[in-house]
Structures are given as structure tokens and as C-alpha cells.
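Subject: Structure for you to look at

Hello,

Here is the structure I said I would pass on. My notes on what was found in it follow below.

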Amino acid sequence: MITYIFVFLAVLAVASALAMVISKNTVNSALFLVLNMVSLAGLFLLLKAQFLAVIQILVYAGAIMVLFLFVIMLLNVEDEESLFSRFRVKYFVAFLVGIAVFSQLLYSIGSFSEMLPEVAPEMTEAGTVEAVGEVLYSQYLLPFHIIALLLTAAVNGALMIAQHKIKPGASND
Amino acid sequence: MDTKHIKNDVDPKFLKKHQESLYDALEDKHTTVEILDEDPLNTKMVLNMGPQHPATHGVLRLILQLNGELIEKAKLDIGYLHRGIEKIAENKTYQEFMPYTDRTDYLSPYSNNVAFCTAVEKIANVEVPERAHYIRMIGSELSRISSHLLWLGTMVQDTGAVSFFLWTFREREKIYDIFDHIGGHRFTISHARIGGVANDLTDDALAMIKDFVNEFPQELKDFHGLLDRNRIFFDRNRGVGVLPTERALEIGATGPTLRGSGYAYDIRDFEPYARYDEVEFEIPTRLEGDNLARYYVRMEEMHESIRIIRQCLDKLPKGPVRTDNAKQAYPSKDEVYYSMEGMIHDFMMTDTGICPPEGSESFHSIEAPKGELGYFIQSNGTGHPWRLGIKSPSYANLQALEDMLDGEMVADTVIMIGGVDPVMGDSDK
Amino acid sequence: MISIDWFLALSALLFCVGMIGVLVRKNAIVIFMCVELMLNAVNLSLVSFSSHYGNVDGQILVFFALAVAAAEAVVGLAIIIAIFRNNLSVDINNVNLMRW
Amino acid sequence: MEPVTTTSYIVLGIALFMLLNSAALAVYAERRVAAFIQNRWGPNRVGPYGLFQPIADVVKLLLKEDVTPARGFKTIHAIAPMIPVFTALMTVAVIPFGDGLYATDINSGVLYILAINSLGVYGITLGGWASNSKYSLLGGLRAAAQMISYELPMGLAVASCILFAGSLSFIDVVNSQEVWWNVIRNPIAAVIFIVTAFAEANRTPFDLPEAEHELVGGYHTEYSSMKFGMFFLAEYMHVVVGSMLITTFFFGGYHLPFAGLWLPEMGVTAKAILDVSVFVLKTVFFAFLFIWVRWTIPRFKYNQVMKLGWKRLLPISIFNFLGLAVIVYFWHHYIA
Amino acid sequence: MDYLHDINAFLPGVIVALAGLVTITIDAYKNDHGSIYGLTVFSLLAGLILSVMDMFGPVGEAFTGMITYGGVSAFGSSVVLFGALFCVLISREYLSAIDHEYGEVYSLLLIATAGMLGLVSANNLIMIFIGIETMSICLYVLAGIIKGQKIGAEASLKYFLLGAFSTGFLLYGMALLYGATGSLYLTEIAEGASSDLLFIAGAALLLVGFFFKVSAVPFHMWTPDVYQGTPTTITAYMATASKSAAFVALLIVLSKMIPAETANWAGVIEVIAILTMVMGNLIAIVQDNIKRMLAYSSIAHAGYLLVGLAAGTPEGYSAVLFYLFAYTIMNIGAFGVVAYYERQQGLDFTDINNYVGLGFKKPLMGVLLSFFLFSLVGIPPFVGFVGKYLIFAAAINAGYIALAVILALASAASVYYYLRPMVYMYFKDPHKDVPLVRSGIVFRSTLVVLAALTLYFGIAFGDLHNLLSSFYTADWVTHLVGQ
């Protein structure tokens, strides 16, 4: 059963990723990415990381991709020409690079499979909110603070960049 | 987007020339305001609101140039309900024209009748009996309440509270019933006649009016209770569509729109017609000039109308309701049915009608619910007016709308239309 | 139970798809989305490892990666808007003012 | 995550069935309540008391022509209406209807709800965008901005409930209210949550995405037939789901007031019947509240909605959360 | 209390981060650039003093092993704060002159600096990730603050897209390292290290990510464009503080986490170093734009630094640290003088051809530019020479003769483009009379102080070098006590 679910989700993830890269229309690309993220969240569930599965949807699909869609709609980007309309050397090179990196990674991962990889039994506990939260607020307190700082700075900076011509010194409320 | 774009972007399918001139006007308007913003991202678009739109009170058409949710410029296009009423009048006797007046501002037909009658009476020097004056006043004030009730319902509905519409319509229904008993018509009543009114108030009608006058203040209080302290309603109306006094005068706004802008002009008080000089009432006036001010003005006017009706009922004199002069008014039905002369007079009235002196002209205006409603009549000595002009309040008030819309938000558009309270039949004639 | 290396292989595949996407696409927004896909793929790897070891650290890194991706998205999209203002296009082939 | 049992399937099945039905019932209720408020009769022709009116509505919608804007985006135009329905249906999975009566107990159920909720914005935005109409686009953008803005105070209001439960599981949230309902312990968050629930469901006074007065129909202006029906259905399902969430988070879920203090032990069946009826009653009340407000109050303006969300609700919910956190901390460490 | 100890260990970072938040608040409510600027300078100065004091203090771990304090971390923090402080000092006048002085600039600078402080004291992959990202994301924004012009937006887009792309590799590297060892702590990873393919792939991807950030050659494409499109003083900040932070982190990763025996790391770094030095110097020669020239020169300097890392000995590491400090001083100085010329009206002073005859017009600026460029070349009395010498020596001692030779040759080639502006300034007649604005007192004195420092550390480098070497000797505490 779980094998079938995995195969389904994996095929969905890969197909939506490919569709995202190939799609001419930017909105379609964004929606395929959302589909990809949702299927990844499903895979997280298979790995018993429930908290991250939910967070994946909440943050990626619910926030980041909505922002993407907003920007795409705002800019009203027109369709590109299809990737396959014209062959370019660039594509070939990119494809080769991709294949090379992939085979290299696969080869490296092959060394891992000697280690009897399975979902550890303690993962049932480790994937819960409590487990993640406890570590997050004790061991990883400092990065947590810094990430809060980063998010504040990012919003602040993004406002500054995206706003149209605020005069320095002018109040901008 | 520079202004050239707007015209190129739209491709009108009908009335091409007119449409293009409209878009031109949109571009020309406020040429003093330079568009410094050369941002390719600014979300300007031209929104065509109406003439078929659920919230524009008929066939008003607004062309809005939007920047996001903000209205940068607005252009009004009126005339979709033009029926040539003024021209029709030239082919009708004065009395025959009466039903047409009902159909200009169809929310307050009685006031229109009275306005037209007084104008004709002025040009033809017709004396009107006392009792008729009072009946006309009662009718006018009732129609004022009816008109304001409709304004209240639609305006509140425009802000989003749908049920209010039905509550105010229940009250209007009572007024319709009263009109039914007064003149035999619920809506287009045509009760006033040149030289008086068609018939005396029946006892039924009087009783109903008394009942209404006693009950309505309580309803009004309920309306106040629902709206005055409703924060959402308050916030949506306050500071919206501000029309300064000077601007209102320049544009020629009248009625509650003008009084909401702080100019206490009311013809009932300044140039009393009928017997308004004999009753006591206040002229509700607000200084703010925003939509909330107009709301208060109209609400208080309803109070004043009730007060006037009460006084009229108290003072209602006995006597005839139509002038006895057979050259100036229809004889009563008794005379027509039972005397030869009466029948001849009736025949003459219907055939030729009242003939004001040749070359005379008159203008008379009254305070209709929407503002100053005036009829201008030129006579060539026949029973038809040579020229007839209507100074309609909606037309004047709509001119203020363009001014008020600039710089407001799209969501305010409908409220402002509601606040100005135009009736397209009145404006387009 | 599916063994972890299938997840890892999937993650590598998605990573490479994202990478190829970054290399072949011209639309800045799509390129950015491909980068997000890469980050997602890495997240899958991290979660797989984390559930292999049964400890939380990998998941914590995913959490931070998510937060960073959010911050990056905010800033990146703002930058893309800024470039659109100047160029009227988000095609990176048009971003060639400076060479060498 | 608990293993999926037969009870889960049964509960889920019944819950989904009931949700779909309750949406239909909500449509009927909306009409009847509106009529009651407006001194009218409302639907009374189809079936006894007009009860079959929703069926007539659906049949009407099904028989209508399905118009797709010629220059719109056809696939997305078709997909968009399904999304809000899906998200509304997915919510039911974690809501406990009674003691032990729930489809599943996700350990991060509250986050799950927030996550699912955040997906709902896609349907409206895409629907507005794919219609290729100015009114639709304005409505869609308004909706998206509004829903995103109100997710934050909603999340914080929920978070302040979690302080009492100490868990993100719905079962724990409900059980923590056995004696004291959260609305008593945490009234500010309750108000905020109710307000945001209205906003998330796009109901009056926050129905400006579909403000028929200025935007004709907002994001669903260009929709017709069953595609419109889906949006319509989703709206009422959101009303019902919103009522369920209000009940669960703040009004004790399936618990009677102060039930922990006086309610005697009961048999399983009796308890189940009692729980479900209490839950349903509360939900019905809040659904009625939704309808009541809809027909009484004017709607906000766009900038007022934003101001309310960001300048009022957000700071209030943050301070409420912080204050409660401090109180709860001291309570646990020094008093209790 | 434990928490207080932790805070104390990261006090410079805490101060800078709080200042960042306060500046955001001030900017939102009052928009008072004077107080924002004052607060920024004050917090950076306080942080600098604290971290310099930290250098002489004990070494340890804080925040449950997330960060280390003292030693290399403290030195790294000092360099970063030094760079940030001096960049801020010269920024205000320049930014208000080019009409881009936003309050956000300061808060972003402060938060980026806080991220860098986390990065240089990192002891855990998460800290490295967060540190790098905090730094980079703030810098993406800072690169694009010249919004009205194409050049600014394009700089920030390029920086952002390539930076985000490299983040993917960095994170994947971390993931694989975590997969290979099951931990995120640098020390534990070092313990679990093996010549496992997974580990090697992880480390390689991590290094790719780092090479992007330090702009080593195959991954350097963004550097010249970004340096050119960014306001000059912010460029100085990018070129010095952020590069130092990334290098210190790379140094920490290489020295602590990746044992040399797992693979032939030195070989990889050697190749990259050679490429970087050669490419950087060669391309810099043909540049006419002084900012692009400095960008390629900074790439070349990255190559020199990589030589020190390739050496892989304590000597090499301390040489790298010293060189980072030297590089920070002279690069800020050079960019500062360029910033001064650039804000003049009339001519485009980023073009070297327009520097003709400027040397005698404002003698102070001419002399200062000469100071910094000489130092960048590596001519004896200046600090640049000492840095290069130390690296050279370390490479020779570690047996990397070829590297050392290429370093020397590359430096020789760099003489051409460093001396070209000076030749233009002093030995050519001006072709147009351009009035030069007088610079402000703070601006001038900052540059003078920097020039003095290049001289001071060029002559009296012993103490600092000893201190840096002592970080890598086991008995460095006794060494300090013995002084």
C-alpha cells in the first residue's frame, strides 16, 4: 500500500516538476509547483514527519506561492515561446550538466543504501510538533532568533525595493 | 499609461463618436493635474460602470479611471433615459401634460404635479383655493418622505446592508396606500390639477394619513437607531464625497446635496409657495458636505415633513378644492354630469385647455425632494405651451458627482451615487 | 516499507530538474520557482535522512530552510518587480547591461 | 498520527455527507432567516416549508448554460471553483464531533486547519484572474489580500487557545475546555477569531470581494451554471466549517458549559448522542449568527478592512497572546 | 544563569541585531536619519570593542554549541564589525549625495552584520546556513537600492538569482553531510567523517556553495556586475565584510569539519585558487570602470586567500586571517576614495579615463588612493605586502611551490591595473576642468584613519600575527599570559 502511495506521489512530484519547467505560461508553472509541493508534503507524511508536512503546505503552498501568483498577476507576464520550438546548444549543455549531477548524486546515494536505510522507529515521536518544538526552542534558539530577524529585515527591505520612488526622507505611510 | 492609451485601448462598438468624445473628455479633464507617475506597474485601468449596472440607480453611466482601487478621474455619461418630455409638452394641453410630469422624477410624482401646476397657475393667473393648497402640501410632503425612504433603502443597501431596503419599502407601501386613497393611483398619482386638486381628501385617506403621521416617527427612530451608531455605516459615509459649499454653489447643486454642504437654501422658506409660509419647519443643514451630512439632512427632512403634515392636518380649512373659474379649471363632475354649461366647459377644457396670455412666460420652482424643481413655460396664447423647460434637481446634482468621485475609492462610488440620490428619469427628462 | 534511498533518489531527480530549469528558462520568475523546487528537493532529502536517523536535527534544518525560502521569496519577488519597472520584462536575456 | 480505523472512515463519511447537506441546509436557512429579518415569507413552495428549495436551486444551476469567457483562461477557470470546495471538505477530517468521534487525530491538527485554510485563497484568486474581467480581477485581488491579512490574527487567536490546551491536537483543545470554555478564559481571542472567521468566509461585513453593488459579482462575475454553484456551495460550507471551528476552539466543542463539574458518567451511546447534539446545536447557532450578521450589517470598504486587520486585530491579538502567555507561564510555574 | 552566559558570548551580535530592530522602528515612526546613523555607528563600535576584547578572552561554546566565542570567531567578528563600521562611516555622506539615503539601508546593514557575526562564530551547519542567508538576503536588497536605474535593479537580480541558486547547492551539501554523519555539529561531523561517497559529495556541494559566496572563479560571474550596480560604499561593505565573513566560515568549515584525509581537498582548492588568481587579474587588466576593476581585483584577492586555505596548515590559516584584515582595510579605503570621486557632478568618475589629472586637485584624496592601491598591489611598507608575504610563506612551507609562484606572478600582473589610475591621476593633464566638491570631515578622517592603519599594520604587524598564530597553537593561553 505504502509502496503504491510512494510511487503515485513520486510520479506526481516528478511530473509536476517537469511540467513546471516546460510550461509556457507562468501561472501554469506556479500551479504545477504548488502541486509539486503538495505531493512533497505527502512524501513527508510517508516519512512520518507530520509537522513538516503541514508546515510545507502552510508556508510554501499557502504563503510563498500565493505571493508568486500575486506577482505574476501584477506583472501580467506574457507567454514565452515554447522550449521546444527551437533547439539551442544551451539546452543540450544544461541537460548534460543535469544528467551528470544526477548520476553523481545517485552514485553517492548508492553508498548510503549499504547502511540499511529505513524509517527509524523513533521517528513516530520525532516527527511530531512537540519533538520539533522542544528542540527548536532549546537547542536551536539562536538560529530561531536570527531567522526572525531575517524575516523582519526581508519584509522591510522588500518594501523598500518594491515601492515606487519613495523619496528619501519623505514619510512613507 | 499616458492618456492617449485610454482611447486607443477601448474600441467602442456603438455610438462610436460619442464614446470617443467621452474618453477624450476623460483625458482632458483636469489637465492641470500632471501625471508624473511613469510607473509601468501602476495599475491604472478604465472601468466602465453602467449604464447596465445593478448599483447605478438606473441608467447612469460612469467611466472611471482607476489606479488600483482609487478613482483618479471620473466622467459621467447621462442621457440614456432621454424621452423628450419637454418636446412632448408642446403638443399637449397643459392638463394633458400632467401625467408626463409624474414620470420625470418618478419617486415623488406629487411634487412634480404641484410644480407644474403652480407654474401654469402663475402664467395663467389662476387662483387656488386654500384647502387645495393644504392638500397639495400634504401630498408633497408625503411624496418627499416616500422619495427619501427609497433613497435611504437603496443607499444603505449600497453600503451592503440588504435588508434595510425592504424595511423602508414597507413604509413606502403605506404611503402608496395613502396615495391610492387620495387620488386612485398608487404610484403616478397626477392628483393635482391646474387650479386646485382633482378631488378632496376622503375620510379614509385622512384617517390613513393621521395614522401614518403617528406611526412613522417611531419607524424613523428605529432607522436612526440602526444606522446612527453603526460603526461600519458611519465610517463608510463620513468624509466620503466631500463637496465644499463654494463648489456646491458653483455647480448649482440643490436640495439636500446643497444643504448637506452647509448652505441652508430651501425654496419653501425663501420663496414660499402654496402655504408654506403658514407652517413652521426647520431647514436641516449640515456643514461637513460629506455623505454622512447628506444622510442626516435627509433623515431630518423626513422629521420636518411629518411636522409639516401635522400642521397641515390641523389647519386644513373647509372649502372647495378647485377654483370655480371655468376658464381656468375643470368643473366638478357634478356640474359636468348635470348641467349643460358644465359639460361645455369640460369639453372646452379638454379640447383647448387654459390659454395663458400670448407672449407671457413664467418660471416657477418648488422644493422637490431632490431639490429645486422648476418649470419654465412660454405661451403663444394657445392651450399648448410654446416652449416648456424643466429645471430638474437630479440633473444639477449629478454635476457634483464628477467632482466628488475624484480621489475616492471604487467602493465609495455607489454610496456617493446613493448620497446624491439622482433619478435618471428626472435628470434625462 | 519503502527504503529511504528511493526518497533520496527522488530528491536528487527533483533537484536536477530544478537545476536544468534554472539553466534553460529565461523568465526570472520561473527561474526563481525552479530554485524553490531545488530547495524543496533538498528538504525531501533532509527529511529522509532525519527519519532514517530518527532525530530531529534534519527537520529543524528543513524548518529553517522553509523560513529562509519565505524571506528569499519576499525579497526576490520585490527585486523582480523592481526589474520589471525598469525593463518592462522579466526576461533575463534583457538583463545584459553589464558585461565583463 | 493514529492508525486509520473503521470508526475513522465511518465518521469521515458521515461528516462529509453532513457537511454537504448542511451546506444545502444553510442555503435554505439563509433564505428563511433573511426573509424573517426582512418581514417576508421566503421560500415556501418547493416541498413542505420550502425545504426542497436547495434541490431546486441545484437543478436550476445544473440546467443553466455554462459560459466560459472567450478570452479567459479555460483550464484554470474550470479548476478554480473546485479548490474552495476541496479545502472546506478537507477541514472536517480533524474536527471532533464527540468523545472519540473524529476521523483522525493529527498531532498538528490546528496547523493542518490553518494550512488548509490558506489554500482556499487560490480558488478565489485564480477564479478572478482566469475570468479575464476587470470586476473579477478586482474581486479576486481583494479576496486574496483580505484572506491573507486575516490569517495572521486568526492564527494568533488560535495560538492563544493552544496555550491552554498545550497541544496542537484538536482532541486536546476540546478536552482542555471541559470545565472552562476558552471564550471565558480568552474572550478577546474569541472575538478576534469570530471576526476573522467571517473574513475568511468572505461573508458580510467582509464580503467586498463579491460586493454586488460595485463589483457586480466580484470574483464569480463570469461564472455560471455549476461552476458558480461550486463557489456558492463553498461559501456555505465555509460558513458551516467556520461555525464548527468557532465552536471547537472557543465554545467547548462538544462539551456542555462547565460539563466537567456536573455532568455524570454516561454510557457510550448516550454520551455520543449528547455530544453530537451539543456540537450540532452550537454549530447551528453560529451558522445562524453568520446569516444574521449578513442581513443586518453594511459592508466594509477595502481600506477599512485592511486597517481593521493590520492596525487593530493584529496588534490586539499579538498583545493578547503575549499577555496570556505570561499569565499561563506564571500560573503553571508559581501558582498551580 | 546559563542564558546570560550565552547572551554574553554573542553580545556583539545581540547588540547589532537589537540596533537593527530599533532602527527599523525609528525609521517607521520618525524617519530621523541622524539618530539612525548615530545608533548604527554606536552599536557597531560597541560590538567592535567587545569582540576585540573577546579575542583575548577564553574560547568556548555557547547556545548549546551553536556558536563558539573567542579565538578565530572573535577575530572574524572583529573584522566584520570593523568593515561594517567603516563602511557606515563613509556611507552617510555618499548616500545622501547620490540621494539614496534610506533608513532601511542602515537597518539592513546592521542585520546583515548580525548574520555575519553568527556565520563567523558558527559551530553548526544550521548556524552557517542561517548566517549566510541572513547576510545574503540583506545584501540582495542592498544591491538594488538604486531603483530608478536599470543598473541597480539588474545588479540585485543577478546577485539574487545566482545567490539563491548557490543556496540550493549549499543546502544540498549540508543535507548530504547530515545524511552521512547524522549530525549537524561541525565537530560531530568531523568525527563521523569517512571517505564515504555521500560525505564527499556533500562536502563538495557545500564548497560549491561557499565558492559562490566568496566569488571564486568558476562561480564569480555575479561579482563585477553587482559591485558595479551597487552604491559604492555598499559595494565596499560587500567586498570586505561579507567576503571576510564567508571566508572565515569557509576556514572554520575546512579546519574543523572536513578532515584533510577524507579526500584531496587541497588539490581542489589549489585548482580553484589558481583559476581565481589568474582569471581575476587578467580580466581586471582590461577594465575601464574602476568599480569593475576593483571587483576583479577582489576576485583575485579571493584567489590569494584560497592559496592560504589550500596550504591547510595553521600557518596558512593565520595568514588567511591576517590577509582578511589587511584586505578589509585597504579595500574600504579604495572604495571610499572612489565613492568620493563618484559623487562629483559632471563626469562619470567610475571611468578610469576620467581620473586624469585629479591627483593634484585634491591632494589628500589622491594620496589616499595611492596609499590604498599600493597596499593592494602589495608594496612593502603597507599592510597588503605583509598579508601576501605571510600567505606566500605559508604556501612555500606547506610545499605548494607552484601555487606560491603563481601568486607572485599574479601579483606582478596586478601592478598594471592598480597603478593605472595613479598614472592617470598624476602624469596626465586633465582634459576638462571639473570642480571637485569638498568632502565632509567624517568621511575624510575615516579614510585617513584607514590609511594610517594600512601603514601601521604594514610595519607593526608582529603582535597581530602572533595573536592569530596563537589561535592555532594549543598553548595559546599561556602564550598570552606570558606576554
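**Chain B overall**

Chain B contains 18 helices and 8 strands. Please keep in mind that this is a predicted model. Of the 429 residues in chain B, 50% are buried. Taking the contacts in chain B between residues at least 6 apart in sequence, 69% join residues that are at least 24 apart.

**A helix pair in chain B**

Helix α8, residues 203–227 of chain B, packs against helix α13, residues 291–315 of chain B, at an angle of about 160 degrees. The axes of these two helices are 10 Å apart. Angles over 145 degrees count as roughly antiparallel, so α8(B) is roughly antiparallel to α13(B). The crossing of α8(B) and α13(B) is left-handed.

Which residues of the two helices meet? From α8(B) they are I209(B), K210(B), V213(B), F216(B), P217(B), L220(B) and H224(B). Their counterparts in α13(B) are M299(B), M302(B), H303(B), I306(B), I309(B), R310(B) and L313(B). Sorted by class, the contact of α8(B) with α13(B) has 10 nonpolar residues, 2 polar and 2 charged.

**Where chain C touches chain A**

Next, the contacts between chains. The contact of chain C with chain A takes 62 residues from chain C and 72 residues from chain A. On the side of chain C that touches chain A, at least two residues each come from α1 (4–24), α2 (28–53) and α3 (57–87) of chain C. The helix that gives the most to this side is α3(C), with 20 residues. By class, the side of chain C that touches chain A divides into 46 nonpolar, 12 polar and 4 charged residues.

**Where chain E touches chain A**

Chain E also touches chain A, in a contact that takes 38 residues from chain E and 28 residues from chain A. Two or more residues each on the chain E side are given by α2 (11–29), α5 (103–120), α6 (125–143), α7 (150–181) and α9 (197–214) of chain E. Which of these elements supplies the largest share of the side of chain E that touches chain A? That is α6(E), with 8 residues. The side of chain E that touches chain A has 21 nonpolar, 11 polar and 6 charged residues.

Regards

Methods. Residues are numbered from 1 along each chain as its sequence is written. Chains are lettered from A and ligands numbered from 1 in the order in which they are written. This is a predicted model: local features need pLDDT of at least 70, side-chain atom pairs count only at pLDDT 80 or more; totals for chains, interfaces and linings use all residues. Helices (H or I, at least four residues) and strands (E, at least two) are DSSP runs, numbered from the N terminus. A residue is buried if 20 or more other C-beta atoms lie within 10 Å of its own, exposed if 12 or fewer, and partly exposed in between; C-beta atoms are placed from the backbone. Two residues are in contact if their C-beta atoms, placed from the backbone, lie within 7 Å. Ala, Val, Leu, Ile, Met, Phe, Trp, Tyr, Cys and Pro count as nonpolar, Asp, Glu, Lys and Arg as charged, and the others, Gly among them, as polar. Axes are lines fitted to C-alpha atoms, for helices over the stretch in contact, and angles run from 0 to 180 degrees between N-to-C directions. Angles under 35 degrees count as roughly parallel, over 145 as roughly antiparallel, 65 to 115 as roughly perpendicular and the rest as oblique. A crossing is left-handed if the near helix is turned anticlockwise from the far one by less than a right angle, and right-handed if clockwise.
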